[in-house]
Amino acid sequence: MLHSARYFGLVVLVSLLQLMLLWQLLSPWFDIFESSLIWLGLHALSAAAFGWVAGHWMASFTDLEAKPTSWFLGIMTLCMPGVGGISALIALIIAYRVWKYRDAESTDFVTTENIDLPFTTPTGRKVSVPDSRGFVEQLRYSKDADALYQKVLSSSYIRNSISVDVLREAVKHGDERIRLTAYQILDRKVNALNAEIQRLEAVAQKGSQNVRGTTWLQIANNYWELLTLERGDEAARKQLLKKAILSAKRSVNEDRTNRNAFLVLGRVSLAAGELNAADVAFQKAMALGMPGDNVVPYLAEVAFGKRDFKKVQQLLDSLDDAFKKYPPLKQVVEYWT
Amino acid sequence: MSAELPFNPTVKADVCLLLEGTFPYVRGGVSTWVKQIIEGLPERTFSIIFLGASEKDMETPVYDIPKNVVHVECHSLLDAPNEPPKTQKQWFRTRRLQKTFELNDAMHESLRSGELTDETLHGFAEVMSGKYPVTEHDLQHHRLAWESIRKQYLKAPEGLDFNHYFWTIRSMHGPMFVLSEIAENAPPAALYHSVSTGYAGFLGALLKQKTGQPLLVSEHGIYTKERELDLAQVNWIPEEYDPFRVGLNDQMSYLRQVWIRFFHSLGRMTYAVSNEVYTLYEGNRLRQIKDGADESRLRIIPNGVAIAPYAAVRRPEGAAVPPVIGLIGRVVPIKDIKTFIRAMRVIRVSLPGAQGWLIGPEDEDPIYTQECKQLVSSLDLEDVVLFKGFQKPVEMFPQIALSVLTSVSEGQPLVVLEGFAAGIPAVTTDVGSCSELIFGVTEEDRAIGSAGAVVPMASPTEFAEAVLELLNDPDQWQKASKAAIERVETYYADDQMIATYRDAYTQHSGQPLNSTHQRKVS
């Protein structure tokens, strides 16, 4: 502040000198200089001095740079003795304050025409036209590669069990963009599951018994999900089933009261063709309180595998009507009962 | 490998190569090709401007620098600058800057409407390096930049998050200022040759605009296509949340489209000002036309390989062929190594002594490499699938029966041609120009016969069947080997490719014209 005050003091002093020189120029009665060259020399010096002190004074409390400001004010003073520099200085101060005041104004808000939720439809939103053809059929027969590409992209948002057939078909498509996109989506899904399995295995190593039980169950579910993605690859399927069974067994060993774990163990054993193990696991799940309607269809599948068709009928008949009326069980029940 | 690179920014080279993510820091077919060109033209001097993502990508070169490279400079496009931004509070500059921003808006409008001319590039060059340029600091802090972004945002679809839009624009344009600075201080050259479009191509366009020297572009893959595929699925681009979205949303998010359009624009601007644009095969040429290249300036110059070193390691006729198949390539997802591993399981069942070698660097994608090794382990193939790491192909070819690729995307793989020169047939997926290499292009070429097999992508069973067919039938293998040798010697020898580029450099750098060797497109 002192720094600024010192400069201000010098500005006032040099301004007075400038005004004196101007008065001397204009007034015929006050002639202390013998030669106009001396006046010019003094004027030039005082103009330079004014420019320097005023420029540095402005720089001390604004963002202006001292050097260009000094030059500007010095030249103004030189060209217009007295009034030039002073008025330029006043103009700069006013301009600075106006600019500062503008900066303090509130920022422009950007308004958009967002819809009011939840009652109105967004205006201008493109409405998708439903297509009754199957997605896989579209991939095989549709000529519109751009539209198919968009659909393949969007299939990454839907459940694996639905999208995997689509993506596997897309991987064989003639259009390279569709092929590569489908491949990348499949690869990303598999990688994400593998990464999650690795992470959970690390958690399972360190956690308490409760945590271990549920973690191994999650791992088993992730392997089950991977099975969906590796559909069609028999070699990988066998390996993944083995790992899923191992993980499910570890889960039930950690927590013998987890009915979900027994259900998952039963399902993976059934998929692996281990019917007796599946049967035991399902019975245990029911014994732990799993609703019968959740388990009975699998028990029926086990019975079918064992060729005990009477038992298949009995089991399916025992299902609640609510389950028998709707797909996917409706057709099965109609056939067997 | 010496890390000392020649640095002589004032020396005027005959050719300045503009390389993005390739030679001399990244191994691969393109880098090998670049080295081939430099070494094949020892009478020419080369300077190299390398563009990488960050400083850590440029620590140690993985290739020796040929003697006729007089200058190498490296720039990272994404690292933040070390110097603090210059103070730009010159209030009398704003009025001049206003005109620059208006020009910028007009040029963006021109891009959006597809009316791309030399004037468009000239306009952008003026915006970035003209008399009153927009600097990165202006983009980040100036009120005019804010207003410009806001105006563009209001043209975007309703509901787009302004925060996401703003940061997208800022991050997108950051590398452009780096390119502008590089162009301002680039070493002099008689001709600029970019080995892709994208940032390197745009740099070439800026250099041509600044110096008036010719610009040539060689594309191996199609940069814009590869970026489009990447950008379509990356998860760092924010998605717009639409609470009324039901079922599948078949519209790509606006910001993804902005990013894709950005790279398309870079490509189109590069094509617009290039003197000539080269590619490897007809499929790519058609894609270039679709992407806006002028057909009259496109030429196909196929890859070429040095025959002699590989001819020296050819197996004598009648010699036993080991049941070993080699995939020579980087262990990265685009090579689809997992399909190869799964196929080896099928092959092993029919041919118990068979082995599959993965010959290539494993450090580019360590997570993927780990997954592949886990897959090998889970399929009990530890003694069947061997990870050999980086090896010289010429040392590997005598030990393998087939050179294979299970890639999901390829251009014109040099490794297949090198294998052909060594008399090794190839089994590849039907991507890029692989089927042209294996079955031929023209009538005369096709008459030579099949040099292997082509199978659908991501199909381990069909791949395995094709491999077994060749391994179990020595006569068929022999026929394929002969066809491979004849095809590569007739159409893909490196002296033809080098001669074509020599003529191109001579023609475009203003020296007397020589006869050209150009592959006929049927």
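Reader: Where does B:D380 lie?
Author: This is a predicted model. In it, B:D380 lies in the loop between α13 and β10 of chain B.

Reader: What is phi of B:D380?
Author: Positive, about 55°, although B:D380 is not a glycine.

Reader: Is B:D380 buried, partly exposed or exposed?
Author: Partly exposed, because its relative accessibility is 44% and that class runs between 20% and 50%.

Reader: OK, the strands. Which strand pairs with β9 of chain B, and in what sense?
Author: Strand β10 of chain B, in the parallel sense. The pairing runs over four bridges. β9 covers residues 355–359, and β10 covers residues 385–389.

Reader: Which residue in β10(B) stands opposite B:W357?
Author: B:L386.

Reader: New topic. Which helix holds B:E228?
Author: Helix α8 of chain B, residues 223–231.

Reader: Buried or exposed?
Author: B:E228 is buried. Its relative accessible area is 8%, so it falls under the 20% cut-off.

Reader: What polar contacts does its side chain make?
Author: One joins the side chain of B:E228 to that of A:R177, at 2.8 Å. B:E228 also has a side-chain polar contact with B:H264, at 3.4 Å.

Reader: Which residues are in contact with B:E228, leaving aside neighbours within four places in sequence?
Author: From chain A, A:Y149 and A:R177. From chain B, B:I260, B:H264 and B:R287.

Reader: Back to backbone geometry. Which residues does the cis peptide bond at B:P24 join?
Author: B:F23 and B:P24. Omega there is about 0°.

Reader: Where does B:P24 lie?
Author: In the loop between β1 (15–20) and α1 (29–40) of chain B.

Reader: Last one, B:A458. What is phi there?
Author: Near 55°. That is a positive value, and B:A458 is a residue other than glycine.

Reader: Where is B:A458 placed?
Author: In the loop between β13 (452–455) and α18 (460–471) of chain B.

Conventions
Residues numbered from 1 in each chain as written. Chains lettered and ligands numbered in written order. Predicted model: local features only at pLDDT ≥ 70, side-chain atom pairs only at ≥ 80, totals over all residues. Heavy atoms only, no water. Pairing = 2+ DSSP bridges. Helix = DSSP H or I, 4+ residues; strand = E, 2+ residues; numbered from the N terminus. Buried < 20%, exposed > 50% of the residue type's maximum accessible area, 1.4 Å probe, protein only. Polar contact = N/O pair within 3.5 Å; in protein donor to acceptor, adjacent residues only side chain to side chain. Contact = heavy atoms within 4.5 Å.
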